[in-house]
Amino acid sequence: MASQYSTPSARNRTLIVVESPSKAKTINKYLGDKYTVFASVGHIKDLPKKEIGLDFDRHYEPRYEVIPGKEKVVRQIKKLAAEAEEVLIATDPDREGEAIAWHIANEIGTVKKPVSRILFNEITNNAVHAAIQEPRQIDFRLVRSQQTRQGLDKIVGYKISPFLWNVVLRGLSAGRVQSVALRLICEREEEITNFQVKEYWTIAADFLTPSKESFRAKLVLFNGEKPEIATQAEAEAIAALIVRCDYSIREIVPRIQQRKPPFPFTTSLLQQAASNQLGFGSKKTMRLAQQLYEGIDVGPEGATGLITYMRTDSTRIGAEALAQARDYIGREYGKEYIGHGGAAKQSKNAQDAHEAIRPTSITRKPEQLAKYLSPDQFRLYELIWKRFLSAMMAPAKIEQTRVEVGENSSRFLFRANGSRVLFPGFMRVFDDQKELDYEAQSSTKEDVEKEQTVQLPEKLAVLDQLKLRDIDRKQSFTRPPARYTEATLVKELDNYGIGRPSTYASIFSTLQERRYVELEKKKIIPTDLGKDVSLILVANFPDLFNVGFTAYMENELDKVATGEDEYEKVLDSFYRPLETALSLRRNDPLIPQNREAAICEKCGNGRMVVKWTASGKFLGCSCYPKCKNIKAISSNKAKPSDTGVLCPTCNEGHMLLRNGRLGPFLACSSYPKCNTLLNINKQRHIEPLKPPPVHTDITCPKCGAPLYLRSGKRGLWLGCSKFPKCRGRLAWSTLDDNVRKHWESVMDEHRKAHPDITITMADGKPVPMNLSVDDIILRAEESGLISSPVEENTEVTA
């Protein structure tokens, strides 16, 4: 076996190229010395970052270039391919993976070695060897579909974003899917704002049976109609009438109900369940699932893939996994617990390219793997394992009993519902009825109100006389539509057919990074900036940023993947209407915020229109600069986020992620007592804390101020102490040898006086400087260094 971490060689071997080092490590374990496994570490080529990268004069043909920093990887792949007897590309089994494979194949095409594509849905010994026995050619239809998605997204980004820069604020962005998701969020917020709360009352009564057993029933009919009680006075009046009557059991209706098991996880269902049950965000869920898929070292077995591929919209289960699950259920629970394991009816937009998400082996129980997994890996694996096992089990049998209580005149009818489990079926493993109810409902606006079940007395008979024991009058209020959570946003997008399994996790994180939305108590709330951007985009491009059109374009991408439609045709049908709309609005944009702009009270000629800055928005006279009248409105500044990083100076405060005029930075939470700052680079990595510079008596060649001596990656260097007002520098090599030696000795003493400071997390562990600050925050949340927000109670009752 060969790994890219030793000096790789593929001489007289088969080269297998994958995306990730951990995936390479797991596959390596299954293969002998006839194979070399090499990881490309993701994409090697992409469209240019600073231009659109599409040739509009040549059928929108994309122009790809090697991603900066990946030149060495490309050279290594070419070298290994030249040595190898054949090349197998085993990137992920989806459209993005197919595109990566196509780029790799193009780069190594000059070596004239046979190149094939292999696919596996799980990284196990059997799956990897079976895939090697069934190589195929790269499917250019899938590649073209991925290129179409990239092209559409690039067109929106490079055509609509500059429009936002001119109308609102430079640096803003629009996205084909993200802007529609933002529209959904903003429209839901508007519904909440406009909602009129109404009071209502319900009445229930406690009845006593002849055997002195009590049960509660709810008033469901009053004078033959559903009671609509608006005030306490009405409730009291009805209660006064109720106490005057005699009651008996009018009807007892038992029925046996089958409660079907849940379906196995799709990507959408996994993200929703992980959010609802574990409190995980979509990004975190997919990162953990990727780790479980690519392989975890599980002791004697070594690195092993624990779940199947985690980007799928199918609930289908393969025959081998189905047989294994049935065998396991029969042995562990009994034959009567074995279910049919049928898949759900697929949505019209489902690609059904892979199986549902499941454990690679049902015999690997979560508790057996606990010592090899992190706490969060364990929780997610347990969720997937239990979900798959329960999906393969028999339905539960529930006896539902409806008891109706009335009086002689039939003026009042009360109802009580009871249930008891006759056969638990899948509920032996999975009994989260709240989650099942959530998945069953189509609406994301409100919880489905189900009739409450009560413990019914065992001895009940029709015409039994009952004694009225107590009356309960309950005040409640109608509730506005619920704000989206990450789970319900994914569900809504999935219901509409917007986005695909590979894109769900990035949609919300992109909106959050752009400061269009905030997350408060797990609820997604649009910022003022987000509301303004959405309002302007919808006003100017109503046909582009709507649910129907976006879902239609997703369907068109699927058609490109199956060969039913063409790359150029799809892009053309999108680009030409967009250009027409832009030509109309580029110089005459609609700004709904200014429709009712007031006349400027200072000059009397202009109107006070909304203007935006990086720190917020304000009202300014349209006659500017002749009239400089302004009024404050609000601020767009994002709230600081706790990173879990301990302040390296005071060792008390936490470093908070803030956004300033020049970009993000970290500041101590103890400010102004402690004013420590840490810079964040373009990759969003935390910059190490630098020692103070050495003050010298050497003068700046530009302004004459003293120069500072600093140590950099290329050695010592001199820069002006008046920076950034003066950017003067002096080349170190221009100094005399004696002067250099003097300042080198001074710098040595300075370093001893100011040793490197290790930045640590609040638990004392070193900060992983190779990770972005966003990933550091996620890890801090996982380890409990940052307290998770408490879910708000949306029910309002009295």
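Strand β10 (residues 214-222) pairs with strand β15 (residues 412-423) in the antiparallel sense, over 4 bridges; two strands count as paired if DSSP finds at least two bridges between them. F222 has F412 of β15 as its bridge partner. The model is predicted, so to speak of local features requires a pLDDT of at least 70 and side-chain atom pairs count only at pLDDT 80 or more, while totals for chains, interfaces and linings use all residues. Residues are numbered from 1 along each chain as its sequence is written, and side-chain values use heavy atoms, leaving out hydrogens and water.

The pair belongs to a barrel, closed by 6 strands with antiparallel pairing in the order β9-β10-β15-β14-β11-β16. From one strand to the next, the twist averages 35°. Helix α7 (residues 232-242) lies across β9 (199-208), β10, β11 (247-259), β15 and β16 (465-477), and runs at about 20° to β9. Axes here are lines fitted to C-alpha atoms, for helices over the stretch in contact (heavy atoms within 4.5 Å), and angles run from 0 to 180 degrees between N-to-C directions.

Turning to the whole chain, 20 helices and 29 strands are found; these are DSSP runs (helices H or I, at least four residues; strands E, at least two), numbered from the N terminus. The C-alpha atoms fill a box of roughly 110 × 80 × 60 Å along the principal axes. Of the 798 residues, 48% are buried, meaning under 20% relative accessible area with a 1.4 Å probe, protein chains only. Among contacts between residues at least 6 apart in sequence, 67% join residues at least 24 apart.

Technical notes
Buried means under 20% relative accessible area, exposed over 50%, partly exposed in between (1.4 Å probe, protein chains only).
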